[in-house]
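Hello,

Here is the structure I said I would pass on.

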Amino acid sequence: MSTRNYWKRMSHRRLSRRTLLRASARAGVGATGLALVGCGDDDDDGQQVAQVQQQQEQPDPQPAQQQEQPQQQQQAMQQEQAEQQAEQQAQQVEQQEQQAEQGTVEAIEREEAEQDEQAAEPEVDLDATVRVAIGRYTAGLDPQRSGSQTNYVNGACTFDSGMSNHPETAALEPNLVQLPEIVDSTNVIFHVTPGVMFHDGSPYTAHDLEFNFERVSSAAEYHQGGETSDHPNEWASARQAFGTDNFASYSVIDDLTFAVETPAPNASLAGSIMSGAVRHVSKAFVEENGDAYVDSVFAMGTGPFRFVDSDPDVGANWTRNDDYHKPRDGLTNPRLPWYKDFEVQIRPEPLAQIAGIEAGEIDAIYNLPTDVVEPYRDNPNFKVLYQPSSQPTHYIMFNTHDTVAEVDGVPNPFLDIRVREAANLAINRQEIIDGLLTGTEGPAFGPYRGTIGYPGEALESRYHGYDPERAKALLEEAGYPDGLDVDLHIVTDFQPIVPILALPVQEYLEAVGIRTTIKEYLSSEYFRTVRTFELPGMFWFFTNTIAEPETVIGSGVTESGFYAVSVYPETEIEELYQAQNQALDPGERAALLEEMYITFYDNYSWLFLTEVSAAAMLAANVNWPVGSAELRGEGTLSAIQKLKV
Amino acid sequence: MQFANLLVIRLIQTILVIWVVVSIVFVISRLIGNPETSLMPWDATNEDYERIREKLGLNDPMIVQYGRFLGDALQGDLGFSYHRTGPALDIVADKVLGTVKLTAAGLVVALGLGVPLGVFAALRRGSPLDWLARLVAVFGQATPSFWLGLMLIFFLATRVSWFPTAGAEGFRSLVLPAIALGLLSAAGFMRLTRSGMIDVMNTDFIRTARAKGLNERTVILRHGLRHALIPVMTILGIELGRLIAGSVIIEVVFSWPGIGRLMIESILQSDYPTVQAGLVVIAASITLGNLIVDMTYRVIDPRIRMAAL
């Protein structure tokens, strides 16, 4: 398996002007050399011609016997001279070649230096307006209310999260809050970053931090019948699991210090509750204006942009928060934006989004289906970039719960590891990748590669591969010589690629004897259905891009997880999960995570499918540099650079 | 029957149509989705779901929900949007103007293109112009409006930048969606006008008009076209409904803010109140549009007016 970085594999390599110049220079030097020196047989022919010419220039030969010896000597001398001349010519050509190459290389190096200089200090238009097209924009402005959670743009622009992730390593970094101070195994202190200001000029304090955790868990006092719980459909949290329900106790020590006690050691606490899943609001602003106002009228936070206005059918506008607490340089996200005004245009149709770039009305689009950008890959007027999609790895969960221990009076086939192995061996992932995806993805191994503690080679080297004959043999061995019939439940409106991928997966499975009936659901039904664990069969699922692995592990692997359809009490997976969650030392946690992921993979716990990528498209004068662990999306909008034309 | 009586009967019919449409939507929407799942977070408990279902009245028997819905609807209350802040009817009403603008512009394109082309094709029957006009008509009727919309964007907005690719800012942004929407109807109007004109221009009263020495323009426009337009008026009501329905996809392609886009968003989010309010408005628009056309039809054609009396 390749250990190359996913994003590097995904990047679309194009011949730069520099590469072409270098190649043409080398070709020119080579051609010159060949012309001057000649090579192979031609070289020998040249020497022979020179010798013949020299012989012809000699006086008439003497009588043979008298002149034989001097003639031989003369011929030897002539030959020596010819060789010397040829050698001189070769040296001369070599010198010329070296000089030419030296000169050309110097020219290329000069140009490279100039380009590097320009790259280091691009002429970014700091007063520019950057316009981004997105397909859908929900009306709510409240980043914590359920129903507004898909309004990620406003969440990332107007608001901030407690911490961020390093753009290369995905490790936690300070943002509104510094890295946690571990007091003991169950006590953590969070220090608020001093000097962070809300857009209204008020400081962000530990009281705001406490309020946000209480609000997210619906425990804020004013929500219990207070004056501001006035939302017509009731206020419900979008991120209940990230609130104070996780805490045994908590308290504000002072304006900059917040202490948390957890019921048990919790290694994922900071990565979860401080992640981008929770955007922080102002306590005073919310209490003063009420939930309805915060959700529908005006958004105010500490984020890199100040909210201006929004219309859910047209778009929204922000302007740069010049007092933002993180600098513009470097790679850290979010940051002080490289441009002044930010405009989002709502364009439901992807082709209309691309047309906007072509017409100069749009600067950037992200999270595009890869097929729509295909015609633009080699067009110099655009930049096409590939990256993991928002659901970067896909897999199918076997329902192994007690509720389906028997299906129609026979034992659940997926309780037998041989059936699970057969299903995994039945899928030709590479063919799917080459035929239906972009050809740059890889097989899925469970967790997303950008998560903290992803084992990389240690996991990828155990790739199951494609072996339909072995799959058939395994099924027969497991007692299914005639195959088996199962339901494959899929969600059709969450990611358009799912119903497309489901068809070949169905065919591959059928080819080894696992006959599936595809049951389609809308997302509004699907996720709730999955969580009942009552339907037998297989459930299509995917990871997210949150760096903290807990969101996938906690929901999909541990036996009490929300979406843990595939549970295997007979293995050590649950013990390893609990152990990693209590390992406060990052190194120890990483080792336990690795062991757990490998155990999970070797157990054929899921039908591991493939990675799925998405595309971003930029106008030619737009840069969007992000680190290898971050995506072009809401979290990195402040990194866009629009160059002066 | 008096004109006023006829109007009252047609209004009652209109209300019945709206009631039937909304009732069907009420039943279907509750069969295909649970709105509470889109209202609640992914980590909500079953108790949370039950609480929100109880609050929204979704645990009541269907007939109770329906009765409550009708009772509220009669008072003009179609409920609060589940996903946008405010009464559903107000949210839909905010988008009416956008759809009306687009539909009206589409109608102007359809009539403005279809009728003159039909007249010219009929007057030069068998000529290359007639052949070309019929070709355009076939193309217009065979072309899906979303594809035509994308092609218009590609050629007229990105290649030559005559029009914006999307949005609803100013007259220029209305041109491409109006063409994409109206071309299909224009083709229908063209064919009807052409066949009507061919029939009319061979009638005795046209020969009489010419024999009286009227100039050809007057013969065509005052005598010929007036009669040829009667079948066009007949299908105008149907075409109006088609234009409103077609505006849904055109609004998506051109990012035009109107009821169509709102409906699609609301369907995806299982926002029942907004879907229902939108359908009430659309059904009312189509039936009222047909009513107006019928009334106008009776005004311009004395034979029908007399027949009704």
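B:Val8 is partly exposed, because its relative accessible area is 46%, which falls between the 20% limit for buried and the 50% limit for exposed. Keep in mind that this is a predicted model. B:Val8 sits in helix H1 of chain B, which covers residues 3-32. Together with B:Ile12, B:Leu16, B:Trp19, B:Val20, B:Ile24 and B:Ile28, B:Val8 makes a nonpolar surface patch of about 630 Å².

Now to chain A. Its 645 residues include 51% that count as buried. The chain has 20 helices and 22 strands. Its accessible surface is about 28100 Å², and carbon and sulfur atoms contribute 48% of that. Among contacts in chain A with a separation of 6 or more, 72% are between residues 24 or more positions apart.

Strand S1 of chain A spans residues 129-134, and five of its six residues are buried. Which strands does S1(A) pair with? One is S12 of chain A (residues 341-346), which is joined to S1(A) in the parallel sense by six bridges. Within that pairing, A:Thr129 has A:Asp341 in S12(A) as its bridge partner. Another is S13 of chain A (residues 364-368), which runs parallel to S1(A) and is joined to it by two bridges. There, A:Ala133 is partnered with A:Ile365 of S13(A).

Regards

Terms used:
Residues are numbered from 1 along each chain as its sequence is written. Chains are lettered from A and ligands numbered from 1 in the order in which they are written. This is a predicted model: local features need pLDDT of at least 70, side-chain atom pairs count only at pLDDT 80 or more; totals for chains, interfaces and linings use all residues. Side-chain values use heavy atoms; hydrogens and water are left out. Buried means under 20% relative accessible area, exposed over 50%, partly exposed in between (1.4 Å probe, protein chains only). Helices (H or I, at least four residues) and strands (E, at least two) are DSSP runs, numbered from the N terminus. Two strands pair if DSSP finds at least two bridges between them. Contact means heavy atoms within 4.5 Å. Accessible areas come from the Shrake-Rupley method with a 1.4 Å probe; for residues, only the protein chains shown count as cover. Patches are made of residues with over 30% relative accessible area and no salt bridge: like charges are joined within 9 Å, nonpolar side chains (Val, Leu, Ile, Met, Phe, Trp, Tyr) within 5 Å. A salt bridge is a side-chain nitrogen of Lys or Arg within 4 Å of a carboxyl oxygen of Asp or Glu.
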